[in-house]
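Good morning, and thank you for the time. I would ask you to keep the structure in view while I speak.

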Amino acid sequence: MAESLNLSSESSLKPDFKLSSPKTWFRTAIAIDSTTTLSRRHIYILPTRFGWMYGLLLIGLLTGSINYSISLGFAITFLLTGLGLISMLHTWRNLAHLKIEAKRANPVFAGQQAVFELAVIDDSNRARFSIFAKFADEEADIQDVPALDESIFRLSLRSQKRGWLKAPRITFSTEFPVSLFHVWAYAETANQCLIYPNPSLRSQILPSADADGATGQLSTTQGDDDFAGHRNYQFGDSPKRVDWKASSREQGLLVKQFQGEASSTLWLDFNATTGNNIELRISQLTRWVVDADAQHLRYGLRLPQLSIQPSIGDVHYHQCLTALALM
Amino acid sequence: MASQTEAQINISKQAIIWLLLSLSITFTLYAFNLENWVPACFVVFAIWRYLIEKNNWAYPKLWLRFPLTIAGGIAVLVTYGSLFGRDASVGLLAVMISMKLLETRTKRDFVVMVVLSYFLTVNILLFTQAIWVFLAVLLALIGLTACLISVSHQTKQTTISPQIWKVQAKLAGKLLLQATPIMLVLFVLFPRIPGPIWGIPQDAYSGMTGLSDSMEPGNISQLSLSSKIAFRVEFKSAIPANNQLYWRGPVLWHQEGRRWQMTSDNIPLPTETIETSGEATDYTITLEPHNRNWLLMLDLPDIASSTLPAEAHIKHDMQVLSKEPIRTRIRYQGHSYLHYTLGAKLSEHERTLALQLLEDENPKTRQLAATWVSENKSPTAIVEAALRMFREQTFVYTLAPPRLGKEPVDDFLFNTKRGFCEHYASSFVYLMRAAGVPARIVTGYQGGEINPNGNYLIVRQSDAHAWAEVWIQDQGWVRVDPTSAVSPDRIEFGIGTALPDSNLLPLLSRQDYPVLKNLYMNWDAVNNGWNQWVLGYDQDKQLALLKKLINKDIAWEDIGLILVTTMIALMLFVSYLLLRNNGGVVLNPTNKIYQQFLKKLSKAGVTKLRHEGAIDFGNRAAKALPNQAIEILEISALYSSMQYAKHQASSNITNAPNQQTLSLLKQLVKNLKIK
């Protein structure tokens, strides 16, 4: 496992410097010990387009007051000027000094949305409102953060390839309280999400169970005889196993389950897969793991550098997928 | 900056309610100043928009909105005859804002609406600047800011606190309150450039009342029905007697039928000479805008010793004029002599002008004058004869005189005999001129009301008056007030006592309600201060105030420097208050002591984790520091029980922890020694 971890970090931690992109000019709050703080140095502020519009309003009111010599007009113009300036400070402090703590991210199959959880914490005894958090081009999550408390933000990102997916730079921003100023900060958290390989769609049929784990024997009728009931469809289930008739009556897809499957033991071997492309072979193995788990078969996994003894259950399932992800 | 995912988050219900509430205040203010259909139009669209929100109706489509907008524009055009000018453009903005309510739903719509509404709300000050209007405007600004806050408060959390209204209103009030110091600094220090920068629409000053440059029977009695304030006067010394208070305005020489007019500026006349006797009276006048050039002064002004607005000048007949019409409230200092001799010599040209009458009018009056001349009477005797006629015949002083016929002076003197001051002054001057005595009419104000609360004099439009001046050899121009012959009370005690049929007079000029009057006097004293210090704050006042503060003469340019430094200092201070990291953390006494305890343990290497309970942390710390285990556990238990008691107490009465327990905790923490 440890070896394969190193292997994977090579692919996911490729340096990603783009000096030409102005976005890299900004400072980013970098996580230390899973927590990062949006301190003074990380916070940027600019007027929004409404802010510019408000500025025009103030200029209009001021010229009007001068032109008509309305002293009270000056007073209200200056009151609104003060409102603008004060709102700048309020917007700034709505974001400043927030602490970001990386929380878990459940593993997903490649191609699915990886959801990163972040705790955004206030320890300045100040309730925060309308905090936006998002990855560069993804949808934002927007939450309030109560004083001396935390809120959990969920940011999703489409996963591309198996292995560790490190959360990219997150943009935190806010325009509260009056939308005249846009305050933002960049943060990098220690969040990472394990991405399982994508189960192959054009699946070869599961290898047959064998006492010593011989592979390669294919059987068309394996395990499909004793129908035991339905369970909900899970990503990776073979479409052949979906009971379309039953599904049309119920809500959601149902998959047929068969009894007696778990009694036989199955070795899923890397060498049993064919082809030159390692990724395709891993994909095929993943499909087998998913199918075997769905059929409650007892299965083991044999990879070039690692083998996992046959077992059943969720822990075993995820252990196998993790091994495949990090191979 | 790019907009933040606008479409995905719904605007909360509060936003539209705040917007409608604050616009209701604004349109209520406009109801007094714009055509009635404009606020009515707002009411219709506001209710429509409210029902859309409440019943989830569909928003009107473009095919409906577009014709409505065109119709609104045309309605403004028809009502005001143009789309420009003060009333028309404000009307147009008001109508367009009302209609835009029907398409206000996204964040962008709301913010644009709020900015436009800020503009519309402040524009009410073009019409009126009274204190209560200012307060109402402030209220509307709080509402609009709350609308902006609720629009800006986007969140994916679905639970909305029922307190949200209060929170939003409170935050809006807080923002404006924190903006107030900035407003004050800018208000006092921002260099006041005297306007206007460009032309002002002609209708901008309609509705200001005051003396006109001509007089016809009915003019002044009309003005007398208004209780509007003309000006206020503070005297340096004692206020002179009421019958001395003649405030000099336009001097009318030229007669044309019923109408009397000022001399044309094209006629070069020598300035009349003045000899004064007795002490001068010094006073300060705060003149309300009346859109004319007259600067009213106590008879007889000495402008060499008065401090008047720049480029004011005095006409040959002692009428003081400003260069521009008075369109804002101004203040000036006057220096006048109550005893004087004016125009000891009369030039031929002046004599001709002072005897001018249209021919072939008022034969009976001319006849009467001719009799006096034929009796060889001196000018003084002729004046006396005329006054005696007013006194002894059944002349009546009234605000509601009958209409006069084709020969107005004849009709008045020999037939109706009922009139207001302008009738008496004009017929008297007519009579004098017919008898060969040079005479002219002076209009202005007479008397005034002393406000005991502020020790100043209030002169209202209802104090408007007209009197005469006749030129007599060796005495010059002598003031003769024929009204005093008919109604001595008018001159001695003011118009309220002089008119028996007083229900025509404005409420506050009457004598019937002393309590009401006293209340009013207090209110007027507040208003006077408001006028002086807020509405009347201009370049001169600004320089004077700074001179007083810094004790040094200040150039106009220096104000800029002072402004910049003060603003920087203020902003730094405000930023410090708002942005320091621990800002707003208020610990109760129990927590304060507990924090000391945590500090002590933290120094020893045991730091409390967030979300770690006091008891859990106490157990952990006790294990880590076995020597102090008992004390640590004791403190943790006590603190925890106090916190618990506090939560309990919210339902009971005792909110503060027991003083004894508190001092026990304090003692325990103090005695805790680690090492």
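Predicted model: local features only at pLDDT ≥ 70, side-chain atom pairs only at ≥ 80, totals over all residues.

Chain A has an average pLDDT of 80, and 76% of its residues score at least 70. Where does confidence fall away in chain A? Over residues 1-19 of chain A the pLDDT is below 50, and this stretch has 16 contacts in the model beyond near neighbours in sequence. Residues 211-224 of chain A likewise stay under 50, with 23 contacts beyond four places in sequence. I would ask you to read both stretches with that in mind.

Why do I describe strand 12 of chain A as largely enclosed by the rest of the structure? Seven of its eight residues are buried, so the rest of the structure largely encloses this strand.

Which strands pair with it? Strand 1 of chain A, residues 28-30, runs parallel to strand 12 of chain A, and three bridges link the two. In that pairing A:T28 stands opposite A:Y186. Strand 3 of chain A, residues 44-47, runs antiparallel to strand 12 of chain A and is joined to it by four bridges. There the bridge partner of A:I45 is A:V183. Strand 11 of chain A, residues 170-174, is also antiparallel to strand 12 of chain A, over five bridges, and A:F172 faces A:A185 across that pair. Strands 11 and 12 of chain A form a hairpin with six residues between them. In the turn, A:S179 has a positive phi of about 65 degrees.

As background, strands of a sheet pair through backbone hydrogen bonds, in either the parallel or the antiparallel sense.

Chain A also has an open sheet of four strands, in the order 2-4-6-9, with antiparallel pairing. Its edges are strand 2 (35-37) and strand 9 (150-158) of chain A, each of which pairs on one side only. On average, neighbouring strands of this sheet are turned by 30 degrees against each other, direction ignored. Within the sheet, strand 4 (residues 99-102) and strand 6 (residues 113-121) of chain A pair over four bridges, and A:E101 stands opposite A:A119.

Chain B comes next. Its 675 residues, of which 35% count as buried, include 23 helices and 16 strands. Among contacts in chain B with a separation of 6 or more, 73% join residues 24 or more positions apart.

How many residues does each chain bring to the contact between them? Chain B supplies 57 residues and chain A supplies 53. On the side of chain B that touches chain A, helix 7 of chain B (164-189) is among the elements giving two or more residues, and this helix gives the most, with ten. That side of chain B divides into 37 nonpolar, 18 polar and two charged residues.

Terms used:
Residues numbered from 1 in each chain as written. Chains lettered and ligands numbered in written order. pLDDT = per-residue confidence, 0-100. Contact = placed C-beta atoms within 7 Å. Pairing = 2+ DSSP bridges. Axes fitted to C-alpha atoms, helices over the stretch in contact; angles between N-to-C directions. Buried ≥ 20, exposed ≤ 12 C-beta atoms within 10 Å, placed from the backbone. Nonpolar A, V, L, I, M, F, W, Y, C, P; charged D, E, K, R; others polar.
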